[in-house]
Amino acid sequence: MEPGTSTGCGARTLAACVIGGIVLAASVLALHLAGPAAIPSLPPLDALRRRLQRRRRRPVRVYMDGCFDMMHYGHCNALRQARALGDELIVGVISDDEIKANKGPPVTPLHERMIMVRAVKWVDDIIPDAPYAITEEFMNKLFTEYNIDYIIHGDDPCLLPDGTDAYALAKKAGRYKQIKRTEGVSTTDIVGRMLLCVRERSSSDAHNHSSLQRQFSSGHGQKVDDSGSGSGTRVSHFLPTSRRIVQFSNSRGPGPDSRIVYIDGAFDLFHAGHVEILRLARELGDFLLVGIHTDQTISSTRGRHRPIMNLHERSLSVLACRYVDEVIIGAPWDVSKDMITTFNISLVVHGTIAENMDFMEDDSNPYAVPIAMGIYCRLESPLDITTSTIIRRIVANHEAYQKRNEKKEASEKKYYESKSFVNGE
């Protein structure tokens, strides 16, 4: 080592420290003079820790299965609750054969039920032809191939024909979570509403399918009253709350330059035909506004036994659809200029398949204003399905559905008699 080398390094180090200290002091003084607003705030330690954990961990995937036959807002609420228990919701749609073997014939076939489930805004993916019972083989497939963390079901019992719990293996594995059942509605209940009307017929007409069908589809005069709820839906036990509507809502409005598309209708017994026309309507703009007609309006045009589902039930089913941004609960029959201005509607659409297309020939065409304004469009409906299609399926096989419902109604009665409060959403 040459003489003076150590001394030279020490001098340079001392000089660097002095300069660094001067720069640091100047920075602190500048921040002090600028005031507290100039000092960047650091996130709390817990927030940083949570952020790092989110980056490290994979999404929690939950699985829920079901028949989803004649899908309604109760199904949708179950899927909403299931999705809240994880980051991704995978839904198993049970096959037609499995439903027939365990419960009786389904009203809607698998391909229609898949359209319905896929359209629910809380669903991330689906597994078609899922088994009715969670076998050990299928459960292991869920855990290994689909990376499922938990299997979800409602607090009502799901028993196999031999009386055993369909989710026993998942519970034993410690991978089961329970949600609160949505009370006041079920597929059994909805089918029962239609069968009740069938039983009200005289015995001479009881097996006349065309007569039963007319009972659900014949109007009693074309005068429309928008004053409120009619008496057509008399047996619903649904108790609507503002909180439930908020839970289903997207809670956001259109942007200032959004192209708003409007479509209206009854949307009774919400089905795959409804979903597909809503999908096409949404593709025509940035925001889809759906008008839901009142019970009174529907009864006036479709008969005293319609609608099957009441206004709030129908509104929730439509709100759960991923293609829908907002609904008008109790929309007027006529689309007026004031309504178009109020909601800034750019386009009014209607499908080619509907319960009643006679309005196009009437003097009191409800779409006269948007037609005159040049903002009306008829969309080719992808599926030839209406509410009457679903009703015809029930009527044509009402004896089979009657037997199925009697068995199911007994188990539902037992559930309600022995139920206790379950905390949930």
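## Parallel sheet

Strand β7 (residues 287-293) is paired with β8 in the parallel sense, over five bridges. Within this pairing of the predicted model, I292 has I329 of β8 as its bridge partner. The two strands belong to an open sheet of five strands with parallel pairing, ordered β8-β7-β6-β9-β10. At its edges lie β8 (326-331) and β10 (376-379), each of which pairs on one side only. On average, and with direction ignored, neighbouring strands of the sheet are turned by 30° against each other.

Helix α11 (residues 272-282) packs on this sheet, where the helix touches β6 (260-265), β7, β9 (345-351) and β10. The direction of α11 makes about 140° with that of β7.

## Nonpolar cores

The largest nonpolar core comprises 64 residues, of which M70, L79, L269, L278 and V290 touch the most other members. This core lies between domain 1 (57-179) and domain 2 (242-379), because both domains give residues to it.

Leaving aside residues up to four places away in sequence, L79 touches M64, F68, M71, L89, V91, V120, W122 and V123. Another core, of 22 residues, lies apart from the largest one; A130, I134, L142 and C158 are among its members.

H153 is located in strand β4 (residues 150-154). Its relative accessibility is 12%, so H153 counts as buried, the cut-off being under 20%. With residues up to four places away in sequence not counted, H153 touches M64, C158, Y167, Y176, K177, Q178 and I179.

Notes. Residues are numbered from 1 along each chain as its sequence is written. This is a predicted model: local features need pLDDT of at least 70, side-chain atom pairs count only at pLDDT 80 or more; totals for chains, interfaces and linings use all residues. Side-chain values use heavy atoms; hydrogens and water are left out. A nonpolar core is a set of buried Ala, Val, Leu, Ile, Met, Phe, Trp, Tyr and Cys residues joined through side-chain atoms within 4.5 Å. Buried means under 20% relative accessible area, exposed over 50%, partly exposed in between (1.4 Å probe, protein chains only). Domain bounds come from an automatic or database domain assignment. Contact means heavy atoms within 4.5 Å. Helices (H or I, at least four residues) and strands (E, at least two) are DSSP runs, numbered from the N terminus. Two strands pair if DSSP finds at least two bridges between them. Axes are lines fitted to C-alpha atoms, for helices over the stretch in contact, and angles run from 0 to 180 degrees between N-to-C directions.
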